[in-house]
Amino acid sequence: MAADDDATAPAELDSGTRGEEEEEAAAKPLLSPPSAPAASTAAPAAQESPEELDRRYAPYARRDAYGPMGRGPLGAVETARLAVAAVLLLPLRVLAAVLVLLAYYVVCRVCTLGVEEEREGGEGDGYARLQGWRRDAVVRCGRALARAMLFVFGFYRIREHHRRVAHAEDEDLGKSGYLGRPGAIVSNHVSHLDILYHMSSSLPSFVAKRSVARLPLVGLISKCMGCIFVQRESKASDFKGVSGAVTERIQRAHRQKDSPMMLLFPEGTTTNGDYLLPFKTGAFLAKAPVRPVILRYPYKRFSPAWDSMDGARHVLLLLCQFVNYLEVVHLPVYYPSEQEKDDPKLYASNVRKLMAVEGNLILSDLGLADKRVYHAALNGLFCQS
């Protein structure tokens, strides 16, 4: 259901955040993007060594045993371990994953019998307005089976921390009673596994490519989750409609307890998990409170971060890893001030700074265009070797 930069993040919904004027003392220094435009730096970047590229595009660099793009040289022990897992572990995990997916598809099919799919504003609500036992079954089974899928993938234990910001604890408790629930979950984006975790935690809706709605099994599941489907090649006017649909859905979740919250990755693409990119403003236009969540994937040999590796190779190596690790930090609900409500860029910037400080993440000014340059340069190096 997830893809690196287009399946889950509404990166094109709005412009990015404005330049940072001040950084909090606890935050780490910003990494500046290359001085020249991305297109003009592609050729010089291809002439740099892998080490130089990793320093220049640090948020996307892999530092695990498998190296850049998962194509680094492996030692004899790691090669043997990978071969054993590919023979014994991989088939079992693939079979178990398919069974879990089929089980949730059956639940969604039963819960939508006799229910007409909603198609408002051209984008479609899917089955986001399911009520009663139908909605309860979709949520309960979805959360349980998403956790089962993570278990199949080797995430046997997930460490979760519900953190209280020192100056916000009393404020959060005092406001929560009369300012309503958060309308959106705002998370850093590290891997396609991010969505699975959030499904197991709260089963929110998210933004996906329109083609996802037509996929076997996954299409119906995403509709039951109330996903907003977008066409990546849409015109600017269509994106305004998508932005409005996201804003309306966030406001609805803020007002109505039974409405699914939106899950948004405001960075617009994935990193290696150590950095936080500039935030888009799509999650903050609704002026509703948000719930910041920070995901980290500690690793010993293979990093589950989806940064510079193609999807098939990433899934293969992930399933051949005997144990995977995930740590989650839940921050208090962030209630925007009147100034932040009037300025979505300020709202996005302040939430980003808070997440960077609380998650010990490095702020970076790099973006999706820089990531594409980095990938193109790595591909050029591997083609030459």
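"Buried" here means under 20% relative accessible area, and the model shown in these views is predicted.

**View 1. Helix α11, mostly covered.** Of the 15 residues in α11, 11 are buried. The helix runs over residues 344-358 and spans 21 Å from first C-alpha to last, close to the 21 Å expected at 1.5 Å a residue. Among the buried ones are Leu346, Tyr347, Val351, Leu354 and Met355, but Arg352, Lys353 and Glu358 are on that list too. Their packing partners are β2 (184-187), β6 (275-276), β7 (290-296), α10 (338-342) and β9 (362-363). Past the helix comes Asn360, with a positive phi near 55°.

**View 2. An open sheet of 7 strands.** Reading across, the order is β1-β8-β7-β2-β5-β3-β4, with mixed pairing. From one strand to the next, the twist averages 30°. Helix α11 packs on this sheet, touching β2 and β7, and its direction makes about 40° with that of β7.

**View 3. β3 alongside β5.** These strands, residues 205-209 and 262-264, pair in the parallel sense over 2 bridges. Look for Ser205, whose bridge partner in β5 is Met262.

**View 4. Helices α3 and α4, packed together.** Here α3 (76-111) meets α4 (132-152) at an angle of about 175°, axes 10 Å apart. The two are therefore roughly antiparallel to each other. On the α3 side, the contact includes Arg93, Val100, Leu101, Tyr104 and Cys111; on the α4 side, it includes Trp133, Arg134, Cys141, Leu145 and Met149. Sorted by type, the contact residues come to 17 nonpolar, 1 polar and 2 charged.

Notes: Residues are numbered from 1 along each chain as its sequence is written. This is a predicted model: local features need pLDDT of at least 70, side-chain atom pairs count only at pLDDT 80 or more; totals for chains, interfaces and linings use all residues. Side-chain values use heavy atoms; hydrogens and water are left out. Helices (H or I, at least four residues) and strands (E, at least two) are DSSP runs, numbered from the N terminus. The expected span of a helix is 1.5 Å times one less than its number of residues. Buried means under 20% relative accessible area, exposed over 50%, partly exposed in between (1.4 Å probe, protein chains only). Contact means heavy atoms within 4.5 Å. Axes are lines fitted to C-alpha atoms, for helices over the stretch in contact, and angles run from 0 to 180 degrees between N-to-C directions. Angles under 35 degrees count as roughly parallel, over 145 as roughly antiparallel, 65 to 115 as roughly perpendicular and the rest as oblique. Ala, Val, Leu, Ile, Met, Phe, Trp, Tyr, Cys and Pro count as nonpolar, Asp, Glu, Lys and Arg as charged, and the others, Gly among them, as polar. Two strands pair if DSSP finds at least two bridges between them.
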